[in-house]
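Dear colleague,

Please find the structure below, together with the sequence. A summary of what was found follows it.

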Amino acid sequence: MELWSDLSALISALGSQDSWTIRQALAPNTVYVFATAFLVVSGLALAWVYHHVPIIERYFERTVMVTCYLATAGIIFWGVIDRFVFSNQQPWSTTIPPFLFMIMALFGAAYNIRLRTHLSFSEFRTNMPRRAQFACLWLDFALWFGFAVILLVTTARVVALSASNFQIVLGTDNTMQWWFLLSAPVAATLMAARAVENIQDDIDNYRNDKPLISQAVIGGDAG
């Protein structure tokens, strides 16, 4: 009964769009159960999209990463000129780049889950028996999916806390911090989707006697 009560409270809070109510509804540990169910459903749905829409599969996270990188570089570049040439400094020029870097790092983590550049150990795993290789790939899935669940819950709580306290980005008048922080639970959803996509491919390769372990390439293409 407690589980359904907490779920009802969470749905009601999200429907109200009140940050304080959402913050209270996210407090119980039963939220981890709801987050797991949400990531299973959303992960399967996004994995289907990735498999059927190659342009999203290859370029979505990369586009976000490059955009944030260029924006950060542009702000820093202009900040140097502004300070040493015009003896001026925009007050937000040192506070917005860390948020952009955070977004770049989180979306990059999701993309590199797909590339398997994390937890690779490909040289070691290629010498293992096929069943052991398959078990290691399931371990990868469990670790990344579990990490995504933890990231989703903890960062959602941070977003609600920031919104309920009306925290603004330092150096700005009306730019809210939670606008940037919201990228973290979004990235957690993408991480879960990439983990689901990988294990689907692994199951297919195992059933069809295809190689299970391939060399990971940093900066390569997904798919």
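Confidence in the chain is lowest in helix α6 (residues 122–125), at a mean pLDDT of 77, and highest in helix α8 (residues 177–181), at 96. Here pLDDT is the predictor's confidence in each residue, from 0 to 100, and helices are DSSP runs (H or I, at least four residues) numbered from the N terminus. The chain mean is 90, with 95% of residues at 70 or more.

This is a predicted model, in which local features need pLDDT of at least 70 and side-chain atom pairs count only at pLDDT 80 or more, while totals for chains, interfaces and linings use all residues. Residues are numbered from 1 along each chain as its sequence is written, and side-chain values use heavy atoms, leaving out hydrogens and water.

The structure holds 8 aromatic pairs (ring centres of Phe, Tyr and the six-membered ring of Trp within 6.5 Å; planes under 30 degrees apart are stacked, over 60 edge-to-face, the rest tilted). The rings of W78 and F86 have centres 5.9 Å apart and planes at 40°, so this pair is tilted. Ring pairs also link F134, W138, F141, F145 and Y206 into a cluster.

W78 counts as partly exposed because its relative accessibility is 42%; buried means under 20% relative accessible area, exposed over 50%, and partly exposed in between (1.4 Å probe, protein chains only). I76, in helix α4 (residues 54–84), is likewise partly exposed, at 46%.

N88 lies in the loop between α4 and α5 (96–115) and is partly exposed at 37%. Leaving aside residues up to four places away in sequence, N88 touches D82 and R83 (contact means heavy atoms within 4.5 Å).

Yours sincerely

Methods. Helices (H or I, at least four residues) and strands (E, at least two) are DSSP runs, numbered from the N terminus.
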